[in-house]
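Good morning, everyone, and thank you for letting me take a few minutes of the meeting. Please have a look at the model on the screen before I go on.

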Amino acid sequence: MSTILEPQNRLKRRVTLAILSLAMMAATVATFLHRLQPNPHIVDLIAPPLLAIAFFILLIRLYKKPDSLQQAINLALLGAVLFVVVPSWLFTIEAASSQATLVGSLPPLTSALFVLTMVMLIGMRPQRLAIATIVTWIAIAAPILAYLSLHPTELITSRGLDLFISLGPAMGIQIVLILFYNRLQDMVDRLYTERLQYYAQIVERQAIRQQAIEQAFTQIHNGPLQTLALLLRDVQTEQMPSQQLFQRLEELNLEIRAVGRSLTDEVYPDTLETATSEQTLRLGEGTCIDLNRPLHNLLHEVYVLTLKRNLPYFKTIKVKVRNFAPLEQNNLTLEMKRDLCLWLEEALCNVGKHAEGTTRIVVTGQHQQGKYILKVQDNGAGLKPGQEQQGTKQSEVLAKRLGGQFRRESLPKGGAICELSWSVESV
């Protein structure tokens, strides 16, 4: 919100700088003009130079410190109000207690009052604008209007009528317009806020939809597509009896339907099951695990369940090394846990599907030099050209999201390693 309103603040700062500069110059000119008068009033000798100095200080402060915009506006308005209110009361009291007339001695305050209210309209917050304008009007106009009402001879003069109309009906109309503007500004702000919320909901829905698509692809990739790839390879390399082919196709059909039901439940969840669906992960072999558990426990469960799947090269493994060090990290969200579990599942499936001749598998999650390294290593035939390009892209995206690194390569002595690492807090 602050980022969107930044241009408005810059514009308001420029306008305020311009107003302070003009007000300072006007007060400076008034100072010299009053000095040239034969018998200037003491207020005319003191108020303009003080006002010019105050505006000059605020101008320099706002120029050097843009963050002090609202403070500069408030102080400028306060100073301007004081330098208009004080002469209004002082000259009215002097006119009432002496032979001098108010219409002959009062400075041109009405123009200053109208300028002051317009500056309030620009610089003050809508919540305070109406009250501040009404209080300022009463403080300035009340003594003058009261005096003119008690002195009809001065009221019927040209200056008297001008003061009465300017400070009475004309100022009342301006306050009504300010109230209308205040109301209109509230409506615009509400509409603006509603539109921002609407756009935020659209962005959130698009993010959820994109996330659902990614999860759907991962579930299909780690489940039915693995089975289908093995089935196609077996059909091409060996003669398969019709009964066995039918059985494996039936298994594939059940896997696809299970994934479909899982995705349907995520898109149209029941009210009581919404939280549960967001906090669970369905693995490719059909088991759902609770993501609220510690990460090392989740990784161990993914390891055990995945190695039970009917993948050809899991059957040749004789040695299994597994160790997942505990990882306590508060910023590890459920989505991150979900992605890490899916990454481990895919890495293990790649071993079971592609690591021909493997007899040993090492699956670990260890702390090393401020990083957590999740590794799957086998001693099979190594990687083939073009193997699992899509999985590599997804792993690189996950590593970037974690602020870590991903590598997948063949080992010099045979086999392959698939490793994901990211920085963690010291344990």
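Helix H1 gives nine residues to the lining of the largest pocket, and that is the most that any element gives. The model we are looking at is a predicted one, and in it this largest pocket has a volume of about 880 Å³. Its lining is made up of 33 residues, and those that lie nearest the centre are Ala 26, Leu 51, Phe 55, Val 84 and Ala 112. Two or more lining residues come from each of helix H1 (2-36), helix H2 (42-64), helix H3 (69-97) and helix H5 (109-123). If we sort the lining by residue type, we find 28 nonpolar residues, four polar ones and one charged.

Now, how confident is the predictor in this chain? The average pLDDT is 80, and 85% of the residues score at least 70. Over residues 1-5, however, the pLDDT is below 50, and this stretch makes five contacts in the model beyond its near neighbours in sequence. Residues 267-275 also have a pLDDT below 50, and for that stretch the model shows two such contacts. Where pLDDT is low, the predicted coordinates should not be read in detail.

Gln 369 sits between strand S4 (360-368) and strand S5 (371-378), and its phi is near 50°, which is a positive value in a residue other than glycine. Is Gln 369 buried or exposed? Gln 369 counts as exposed because its relative accessible area is 84%, and the cut-off for exposed is over 50%.

Key. Residues are numbered from 1 along each chain as its sequence is written. This is a predicted model: local features need pLDDT of at least 70, side-chain atom pairs count only at pLDDT 80 or more; totals for chains, interfaces and linings use all residues. Side-chain values use heavy atoms; hydrogens and water are left out. On a 1 Å grid over the protein atoms alone, a cavity is a set of points where a 1.4 Å probe fits but cannot get out, and a pocket is an open set with protein on both sides within 12 Å along at least five of seven lines; lining residues have an atom within 4 Å of a point. Grid points are joined across faces, edges and corners, and a volume is the space filled by probe spheres set on the points. Helices (H or I, at least four residues) and strands (E, at least two) are DSSP runs, numbered from the N terminus. Ala, Val, Leu, Ile, Met, Phe, Trp, Tyr, Cys and Pro count as nonpolar, Asp, Glu, Lys and Arg as charged, and the others, Gly among them, as polar. pLDDT is the predictor's confidence in each residue, from 0 to 100. Contact means heavy atoms within 4.5 Å. Buried means under 20% relative accessible area, exposed over 50%, partly exposed in between (1.4 Å probe, protein chains only).
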